[in-house]
Amino acid sequence: MASRYAPKTVLAHLIQRRNQTYSEIVAEFVELGGTITERHLRRLASGERAGTTPQTRRTLQRMFGKPVEELLAPYQAEPAAQVVPAPAASGRITTGNEMEVLDMAASRARAFALAAQSGLGSEAMEQVYDDVRHAAQAYPQRPLPEILGQLVETQDLVFGLLESRQRPDHHRQLYFLAGVTGGLLAKASHDLGNPHAALTQARTAFLCADNADHHGLRAWVRGLQSLVSYWAGNPHDSVRYAQLGAGYAEQANSTTSVWLPVSEARAWAALGNPEAARHALERAEDAWDSVENDDLDAMGGLCTFGRNRQLYYAADALAWLPGEVDQAQRYSSQAVDAYTDQNHPEWAFGDAAGSHAAMAITRIASGELDGAADALAPVLTLPTERRINGVVHSARRVHQALRQSGRAEDARELQEEIEAFTRTPMQTYPR
């Protein structure tokens with residue numbers, strides 16, 4: 001553990017608070033796609049050096065949630081009397097962010113409950129399950145900056161429990177939860193445009209699925225690997241991962257048996273193979289006849305695959321194929337309608353945006369430029385914290401469709417709006 005010396009910089013103070021060694025911080029830094037030596041990190045933390053590369057500045061800011069200038073500034077401890085603000089006479093908390101205070105209190109209570117037990121009991125295991133379930137359900141609907149910190153904390157908690165002495169049956173359950181949290185962080189890495197970190201998380205998640213001996217989880221991780229590869233511009237890998245997971249999905253009979261073939265379909269479509277794409281879409285539809293939700297599906301959110309997402313994936317696939325314009329229009333229209341209700345349990349802002357982008361592409365193919373602009377309008381108004389990697393790439397596909405339509409000059413204004421939108425992707429600075 002880091003020694004408890006008086007920190008000279010804000011960075012040194014935050015490293016102390018993490019209770020990690022410098023080598024552990026460097027390993028996490030590398031996982032986020034950066035490069036730094038332990039010696040360099042120590043010199044930055046001690047205030048001996050202030051020079052950093054743009055990549056180092058970006059990665060430090062993502063890790064610690066503060067601009068590098070603030071991280072390298074001299075650390076000044078706050079007076080003890082100011083640590084806990086006194087409540088107002090009315091009894092109301094006056095921080096201006098009551099929900100944040102409640103979240104902090106819940107986190108502290110959770111940590112105490114887990115630490116107070118010599119072995120993981122039923123109440124503690126239920127708490128860990130609830131944490132992972134909450135993350136899975138929140139992920140598709142809330143901006144990533146709001147949940148990333150809690151997700152990383154949950155993974156760290158589960159890993160810590162696995163590294164301590166637990167009953168054999170609890171070990172299997174914890175490996176299942178570690179696989180789920182690893183999969184969610186794989187998706188987070190992908191949403192930040194870091195496919196290398198995404199696939200690294202996914203490989204560890206698959207290892208956890210093996211240790212849990214959970215077919216549905218194995219298939220789900222393969223689906224994530226297929227998704228990451230598709231958006232990274234590697235459709236052959238996307239097909240391969242989807243096919244690798246097919247056997248596990250067949251044994252699980254979970255909704256992954258729909259997700260994998262429809263993922264394969266859009267990868268085949270990106271490769272310009274309409275016959276293989278159509279066949280995969282048919283297999284996805286047929287799979288519903290045998291779906292029996294498993295305990296992974298019961299997590300909800302990103303852990304299950306519903307018909308709304310199937311409509312979006314089908315629309316996204318068919319939008320690649322010039323000969324499937326009518327079908328693409330039908331699927332994209334249904335997908336857009338399906339994601340209209342933001343209170344629906346299956347609503348996901350990323351899939352909703354992708355559905356609108358697919359509709360815009362099909363309208364461009366039909367020569368309806370004004371209709372394409374109307375379809376894409378809800379996407380272009382998304383705030384930066386919701387401009388995840390897939391959404392930005394979907395917008396770029398619309399831009400590409402406009403260029404290839406032969407009417408790019410007629411759609412110059414829309415192209416410029418897309419360019420402005422894609423220049424400001426999401427940043428995940430913790431709040």
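**Exercise 1.** Determine how the lining of the second largest pocket divides by class.

*Solution.* By class, this lining holds 16 nonpolar, eleven polar and seven charged residues. Here Ala, Val, Leu, Ile, Met, Phe, Trp, Tyr, Cys and Pro count as nonpolar, Asp, Glu, Lys and Arg as charged, and the others, Gly among them, as polar. A pocket is an open set of points on a 1 Å grid over the protein atoms alone, where a 1.4 Å probe fits, with protein on both sides within 12 Å along at least five of seven lines; lining residues have an atom within 4 Å of a point. The model is predicted: local features need pLDDT of at least 70, side-chain atom pairs count only at pLDDT 80 or more, and totals for chains, interfaces and linings use all residues. Residues are numbered from 1 along each chain as its sequence is written, and side-chain values use heavy atoms, with hydrogens and water left out.

**Exercise 2.** State which residues lie nearest the centre of the second largest pocket.

*Solution.* The lining comprises 34 residues, of which P140, L302, R309, A348 and D351 lie nearest the centre.

**Exercise 3.** Characterise the salt bridge between E264 and R283.

*Solution.* A salt bridge requires a side-chain nitrogen of Lys or Arg within 4 Å of a carboxyl oxygen of Asp or Glu. For E264 and R283 the N to O value is 3.2 Å. E264 is buried at 7% relative accessible area, whereas R283 is partly exposed at 33% (buried: under 20%; exposed: over 50%; partly exposed: in between; 1.4 Å probe, protein chains only).

**Exercise 4.** Identify the partner of R278 in a salt bridge.

*Solution.* The partner is E324, with the closest N and O atoms 2.5 Å apart. R278 is partly exposed at 36%, and E324 is buried at 12%.
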